[in-house]
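Hello,

Here is the structure I promised to hand over. Please take a look, then read my notes below.

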Amino acid sequence: MHTTQRRQYRWAAGLLLVQGVLMEGLVFIGVLVLLALKIPQASIVENADVFALPYLQDNLYLMMAMSGIFATLRVLGAVGLLRNRLWGLGLSIVSCSVTLALMVFLLPAGLLDGILSGTALVLLLFARLGQTPDGQPKLIY
C-alpha cells in the first residue's frame, strides 16, 4: 500500500473514532445516565432544543439510544480501517454516506457530523480510488 493511501486511511479512521466515541458514544452514555437517574424526557426536551424537527425533539431519548448503534458501527469501521480490512472500508463508507443523508434532519447537531463524515468519506474515496500503485491518478476510462 502506498504511503499516501495509508495516511489517508489512518486520518479517516481517526475522524471516525473521534465522531464515534466523542459525538455518538458520549450521547449514548448520557441517555444511560439520564435513565438511571429516572429523569423524565419531558424535562430534558423543554430545556434543550437539540433538533429542528419536532418529531425528533419529542423522541430525544430514542434518538440518544440510536446514537449508540451509530457509535458502535463507526468504531468498528475505524478499527477495520486501522487493521487494513476491506470490510472496514465498506462499513465506513456506508456509515459516512448514511450520516450525510441524515444530517439535514438532525440540524443543528448534524452539522459537525456532516463535516467529520464528509471529510472521512473524501479521504476514504481518495485512498481507494485516487492513484495507481505507481502514483499516477486513476482515470475513469
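A residue counts as buried when its relative accessible area is under 20%, and as exposed when that area is over 50%. Keep those cut-offs in mind. Please also note that this is a predicted model.

First, charge pairing. Side chains of opposite charge can pair when their charged atoms come close. Searching the whole structure turns up one salt bridge. The partners are glutamate 24 and arginine 74, with their closest N and O atoms 3.7 Å apart. Glutamate 24 belongs to helix α1 (residues 3-36) and arginine 74 to helix α4 (residues 60-82), so the pair ties together parts that lie 50 residues apart in sequence.

Are the two partners buried or exposed? Arginine 74 has 2% relative accessibility, so it counts as buried. Glutamate 24, at 8%, is buried as well.

Next, the backbone. Most residues other than glycine have a negative phi. Two residues here are worth a look on that score.

Lysine 38 is not a glycine, yet its phi is positive, at about 55°. It sits in the loop between α1 and α2 (41-47). Its relative accessible area is 71%, so lysine 38 is exposed.

Asparagine 84 also has a positive phi, near 60°, and is a residue other than glycine. Look for it in the loop between α4 and α5 (86-102). With 52% relative accessibility, asparagine 84 counts as exposed.

To recap: the salt bridge joins glutamate 24 and arginine 74. The positive phi values belong to lysine 38 and asparagine 84.

Best wishes

Terms used: Residues numbered from 1 in each chain as written. Predicted model: local features only at pLDDT ≥ 70, side-chain atom pairs only at ≥ 80, totals over all residues. Heavy atoms only, no water. Salt bridge = Lys/Arg side-chain N within 4 Å of Asp/Glu carboxyl O. Helix = DSSP H or I, 4+ residues; strand = E, 2+ residues; numbered from the N terminus. Buried < 20%, exposed > 50% of the residue type's maximum accessible area, 1.4 Å probe, protein only.
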